[in-house]
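Subject: A structure for you to look at

Hello,

I am passing a structure on to you, with some notes on what turned up in it. Please open it and keep it on screen while you read.

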Amino acid sequence: MSTDLWTYRPTADLVGRELDLIGVQGRLQDPSVRLITLTGPGGVGKSRLAADAAAGAAELFPGGIHTLDLPACLDLESVLESIGKTVRDVTERTLLLLDGVEHIAGELAVVLARHLTDTPLLTVLATGQEILRIYGECAVPVPPLPPPGPLLEPDVADVQDNPAVELFVRCARQANPAFALTPENVGAVTDICNLLEGVPLVLELAARRLRLYPPQELLTWLRRGGDSHLPGPVDVPARQRSVLAVAEWSCRGLNEGQHALLARLALFQGGVTLATAEKVSPLTAARTAAALETMLDRGLLALEEHPRAESRLTMPRTVRAYGLALLEEAGEERARAARQAHARYYLRLLPALEGRFQGSEQQRWLRVAVAEHDNVLAALRHLEDEDGTPEGTEKGTEKGLERAEGVEEGGRGRGRSAGRGGPVRPDRVAALLERAALVTACLQPWLVRGELKEGLRWFDSTGQALQGDGWGEWAEDEEWLRTRARLYCGAGVLAAALGDHDGAVHRHRRAVALYKRLRDPQAGALPSARMGHALFRCGERPEGQSLLSASLVVLDAQGDTAGSAEAAAALAEVLLAGGETKQARALLERVGRIQRQNGAVRDLARTVHIGARLCSYEGDDSGARSALRESIRLYESVGEHTELPAVLEMFALLVLQQAGQHQRAARLLAAAGALRSRTGVGVERERADRLRAAVEELRRRLGGAVFATAWVEGLRLRPEAMAAEALAAAEPGRAEERGDGVALTPRQLQVALLVADGMTNRQIAQQLDIAEWTVVNHVRHVMRKLGCASRVQVAWAVGRSR
């Protein structure tokens, strides 16, 4: 047996590819599998995996393993000649490893198919970014290493076994032997692995930079795009020596139109829908479809499916860096035009969606808007650069608000003077108003997503840009003043969500003052109501109740059902605090009817939550629990993050009263606290005292070890799993019925244990040598018998039974 394996073979073992390696070697053992193609984007480690798999299966090929690095060959003729020479010498089972087939796949496939037909003892293991499309080809996708994903409070124990983190840490120690994963740097390391999308080559190259930067500074540098120029080792093929080299090789062979489309799509962060890609494409519809198909085939794009939203085309970070480099090389004007087109798309999209955030399809459109968060921020940054805020405009948040005091209260300010900056061009005014329109349209998505601090910064900074001295006569325009009022009002809502009720009062007061200047008290009724609610939160209950009552009358009179419902729900909360339960209940029933009719899911969830507090105040724990369950379901349906923690905490306090539910209560409290930490939402002092007391009680009842385990499980919960955890709680008096009343069969128990180990249905099927559909049925029966709503709950149920 002879081999000529040339591939770069680092001394360290493969990380995170154990199952992939077993899968490839298993296919090599099967004589009926003649062609295996490892596919995936550049830098994921296809060549390394192929070399290790071939080396591990060397004894199966007495005719030897012959390797050909196709990119190193001079031309197609030399490739075909080398393959032909190898095939002519085959007398025993032989493995031909072809590395990098992507750019000659079409020409190579015809010849290779003939060799496979004529040479029964030949097996081919190929790597490339696209398949060869030969009959009988076994395509094996090689994805990036799974990154840890967004964790609210990452802990060393949570991420140290994650493949991407493990690889990064191993390479970091090679660059800096003193490096270790610690509680101080685990957050930065987690963010780095998520940012670099688990691509092994990029993780290795980034880890080398720890000789220059500590982890947090490295993260900042990478976010600025520093990884585009990361150099690699010299003893690897040239196409793998830097991030840009990998991307350039991946995109080799694209025509001019495909390059132009790639550059446009590189502007989109977090992916883009197919419809959006077609709208921003510089090509015709037919050429766009063909170009997208080519990019998908070559791994330059991937299609991610989402159960509750449209599928999105995503671009690997390496390819995106190359696309942005192409954009810059095209010249400043063309790059600016592309960014302008990207921003204008979102200038049209978000304001168009804003009116649908309150309708019957609220859930759908909120999810659409939330999915575009990163792209909207990119558009806003571009608009901020373009609006040309004139000299004399205040940029600082607090200072700008203070300077506004005299303007809104005292009249029309400096009049129509042009200010120190001279006459202002209309295009600059239009740019700033467009930016303001996009910011105000983002209020509901930012509230749902929990991007409160980021949203508040944009509302405040845009509002201050509009109030400077340099805008001259534009500052007295009606549209200008109304835009400022909307910005102050939105900023007040975000400040209230963060628990800064003094700040909310301050901002809503600015909005009301501007509507007074416009002689439009009707438009000022809703910010007045919100200011009243904020005053109540500040402890000024009589003033708040009075303002809410007056605003409610105005809103009712003008037929603003959504605004009236919001004000009435806030007034019900104030009345409840004063013990006026009968009036509060009447208001809540009225509000609930309006919101159900309007399909205002998020507002209804808040109203139902207030109703749960009313039930609790009256001692109706059953009613409170039922209302909280409905509120949690409603919040979960729109992916809510901001208001969910308060509902989870109240539900946990009720669960705490039930026997056998203490671990669940601990998990819910930990999850709610972690979500508060991520969004920045504060806790009222009275509730904070109750929560601290509940945590101490749980620690005493469960004991230190059990409490710590449950708490960590709660911290690991992602927002979408928090609602499922709460809704899986047993009803009082039924905990025993739902326990182990129905025994699992031996096979079901076996499946449940593998689910608890984190295996997928496919992995379980392979482990037990049964059909995947059989596994699906077993999992369904297990979930029904255990009363579980998710695989996470099955894991916990099995863990407790063990």
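Let me begin with a term: rings of Phe, Tyr and Trp (for Trp, its six-membered ring) are called a pair if their centres lie within 6.5 Å. By that rule, the structure holds 6 aromatic pairs. One of them joins Phe 268 and Tyr 346, whose ring centres are 6.1 Å apart; their planes meet at 55°, so this pair counts as tilted. Phe 268 sits in the loop between helix H11 (256-265) and E6, while Tyr 346 belongs to helix H15, so the pair ties together parts that are 78 residues apart in sequence.

Please keep in mind that this is a predicted model. How confident is the prediction? The mean pLDDT of the protein is 85, and 88% of the residues score at least 70. Confidence is highest in helix H24 (residues 525-537), with a mean of 96, and lowest in helix H35 (residues 735-738), with a mean of 40. Where pLDDT is low, the predicted coordinates should not be read in detail.

In which order do the strands of the open sheet E6-E8-E7 pair, and in what sense? There are 3 strands, in the order E6-E8-E7, and the pairing is antiparallel. Strand E6 (272-273) and strand E7 (302-306) are the edge strands, each pairing on one side only. E6 is joined to strand E8 (residues 309-314) over 2 bridges. To find one of the partners on your screen, look for Thr 273, whose bridge partner in E8 is Arg 312. Strands of a sheet pair through backbone hydrogen bonds, either parallel or antiparallel.

Now for the spaces inside. How many cavities of 30 Å³ or more does a search of the whole structure find? The search finds 3.

The largest cavity holds about 50 Å³ of space. Helix H16 (362-371), helix H17 (373-386) and helix H20 (443-449) each give two or more residues to its lining. H20 provides the largest share, with 3 residues. Among the lining residues are Leu 350, His 373, Cys 442, Trp 446 and Arg 449. Sorted by class, the lining has 7 nonpolar, 1 polar and 1 charged residues.

The second largest cavity has about 40 Å³ of space. Its lining is made of Arg 264, Leu 267, Phe 268, Val 280, Ala 338, Ala 341 and His 342.

Enjoy exploring, and write back with any questions.

Best wishes

Methods:
Residues numbered from 1 in each chain as written. Predicted model: local features only at pLDDT ≥ 70, side-chain atom pairs only at ≥ 80, totals over all residues. Heavy atoms only, no water. Pairing = 2+ DSSP bridges. Helix = DSSP H or I, 4+ residues; strand = E, 2+ residues; numbered from the N terminus. pLDDT = per-residue confidence, 0-100. 1 Å grid on protein atoms, 1.4 Å probe; cavity = no way out; pocket = protein on both sides within 12 Å on 5 of 7 lines; lining within 4 Å. Points joined across faces, edges and corners; volume = space filled by probe spheres on them. Nonpolar A, V, L, I, M, F, W, Y, C, P; charged D, E, K, R; others polar. Phe/Tyr/Trp six-rings, centres within 6.5 Å; stacked < 30°, edge-to-face > 60°.
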